[in-house]
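The tour goes stop by stop: select, look, move on.

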Amino acid sequence: MSPLLEIQNVSKAFTIRHNRSQSLKTNFIGLFHKRFRETKEVLWALKDISLTVHQGETLGLIGRNGSGKSTLLRIIAGIYPPTSGEVRWLKKANIGTMIELGVGFHPELTGRENIFLGASIHGLTRKQAEGIYAAVVEFSELDGFMDVPIKNYSTGMQARLGFGLAVNLDPDVLLVDEIFAVGDEAFQKKCTERMSRLRTEGKTIIFVSHDPVKIKTFCDRVCLLDHGTLRFSGDPVQGLGEYHRLLVAVAQGT
Amino acid sequence: MIQLFSYRELIKNLVLKDLKLKYRDSTLGFFWSLANPLLLIAVYSFVFTRMLRVDTPDFPYFLLVGLLPWNFFAQSLMMSTGSVIDNGNLIRKVRLPIEVFPIATVLFNLAQFLLALIVLLPATMLLFPTRVSWTFLAFIPILALHVLFTVGLCFIFSTATVFFRDVRHFTEIFLMLLFWLTPIVYDVRALAESLRAVVFMNPVAFFITSYQDIFYRQSLPSPAHFTGLCVISVLSLACGYSVFRAFRLRFAEEV
């Protein structure tokens, strides 16, 4: 497998602002009252991460809450700039983000309108959107509801529409952040099958998950993040073992 | 910029979404967009011609050709303050050129401006002794410059609101003051020379008087005036876009 993406010494700092003032009034009061003054704290969400992702590989990111998984995913997606270090794409790749389902959908718009809006949010042209429309409707099993505003959909229906759109966007690289828990069991199975199919089609997938079963079945490799550092990178079973030990250690307070 | 071009479908969809949401489910729909300027023109005409005895001929027509472009400008600016922050969720979850949001805001207001103009201009012309003139053709370049100017300012206002949420309130007051400093309800030619210089310190005045020239006075803006429009527009767009670009990378963390 040829390398597709090199993450070189990437660190990311977030400035956490206590008493964050976004108005001039509080800024002004802060000059006189310490209690209202903004104090800054720097939080290193990622520390010196280096990682190579290969073409056609499925990479799982695991770690506790707040370990930096989602931040790393967003830096790869280009949503956040890294504070230091670099993300280098060695080949031109079409990146698809599945960080939240149905992002950008508007409740007042119909299913059909939302598919076209959602597709264009991910950079599809009108023609490309028309090309995938039938597949989205079929996958989400919502034929007959396309002219209904999605505010009248059930939560499950909305999620299905979101997932149906997401898996049909057809990017070369998929960045997925825990979006599997949608719909009933049958639909979940369908989603899992679809993800496997994307894998066999040779897509590069990077996904964040807490589900050991999904990690074992899907991933070629896992990366374990803890407090923003890369603790382990390699075999999924071994990685999950490492993760388990980490959780036990934390629970015992060592 | 090239990336932006490939997202034109998104810009189109955002504009259509806003138009649909505005008019769907309202029985009178588009009528409401006309009612607002019409009522304002009726009230101002009454106050200025009957009560204050302003002697600008065909006052309602004069008012209309200045008010509609002003509304386009003012509403774009007002809406632009929310155009980045209100799309925060999207910006944090999908990689896209964030520029599309302020641009879509301006285009949405442009669509409303054109619709209002197409209906109200001929209707008002029937009521007053004005005729169609070849100077109307200058509408296209003037509008094009006006759009560029507005987009530039909207870049700045949408960026500023990300860091200071007060910009929204400030803009509201700022626009109210600017309305009276712009020759919309009064004719700049009726002013004393010294006051006229003050009025033209406001770049919006250049645009509004140009619309009045071509529609109301049926003459073309002077070459110097037109050069002024070009300079203001290019400056606004260049400054606005560089400010936006300079801060763009921080948006996902700040919204």
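Start with chain A. Among its contacts between residues at least 6 apart in sequence, 71% join residues at least 24 apart. Two residues are in contact here if their C-beta atoms, placed from the backbone, lie within 7 Å. This is a predicted model: local features need pLDDT of at least 70, side-chain atom pairs count only at pLDDT 80 or more, and totals for chains, interfaces and linings use all residues. Residues are numbered from 1 along each chain as its sequence is written, while chains are lettered from A and ligands numbered from 1 in the order in which they are written.

**Stop 1: all of chain A**

Colour chain A by secondary structure. Chain A has eight helices and nine strands. These are DSSP runs, numbered from the N terminus: helices are H or I with at least four residues, strands E with at least two. The C-alpha trace of chain A spans about 60 × 50 × 40 Å along its principal axes. Of its 254 residues, 38% count as buried. Buried means that 20 or more other C-beta atoms lie within 10 Å of the residue's own; exposed means 12 or fewer, and partly exposed is in between, with C-beta atoms placed from the backbone.

**Stop 2: the core**

Select Leu61(A), Leu73(A), Leu175(A), Ile206(A) and Val100(B). Of the 123 residues in the largest nonpolar core, these touch the most other members. Such a core is a set of buried Ala, Val, Leu, Ile, Met, Phe, Trp, Tyr and Cys residues joined through C-beta atoms within 7 Å. Now centre on Ile206(A). Leaving aside neighbours within four places in sequence, Ile206(A) is in contact with Val53(A), Leu59(A), Leu61(A), Leu73(A), Ile76(A) and Leu175(A). In soluble globular proteins, nonpolar side chains tend to be buried together.

**Stop 3: where the chains meet**

Show both chains. Here 27 residues of chain A are in contact with 20 residues of chain B. On the chain A side, β5 (95-98) and α3 (111-121) each supply at least two residues. The largest share, four residues, comes from α3(A). By class, the chain A side has 14 nonpolar, 10 polar and three charged residues. Ala, Val, Leu, Ile, Met, Phe, Trp, Tyr, Cys and Pro count as nonpolar, Asp, Glu, Lys and Arg as charged, and the others, Gly among them, as polar.

**Stop 4: two helices of chain B**

Select residues 59-83 and 139-163 of chain B. These are α4(B) and α7(B), packed at an angle of about 30° with their axes 7 Å apart. That makes α4(B) roughly parallel to α7(B). Angles under 35 degrees count as roughly parallel, over 145 as roughly antiparallel, 65 to 115 as roughly perpendicular and the rest as oblique. Axes are lines fitted to C-alpha atoms, for helices over the stretch in contact, and angles run from 0 to 180 degrees between N-to-C directions. In α4(B), show Pro69(B), Phe73(B) and Leu77(B), which are among the residues that meet α7(B). The whole contact has six nonpolar, nine polar and no charged residues.

**Stop 5: a second pair**

Select 203-217 and 223-254 of chain B. Helices α10(B) and α11(B) pack at about 130°, axes 10 Å apart. They are therefore oblique to each other. The contact residues include Phe206(B) and Phe207(B) of α10(B), and Leu229(B) and Ile232(B) of α11(B).

**Last stop: Ala116(B)**

Ala116(B) sits in helix α6 (residues 100-127) of chain B. Is Ala116(B) buried or exposed? Ala116(B) counts as buried because 21 C-beta neighbours lie inside 10 Å. Ala116(B) touches Ser33(B), Leu34(B), Pro37(B) and Leu68(B), not counting residues up to four places away in sequence.
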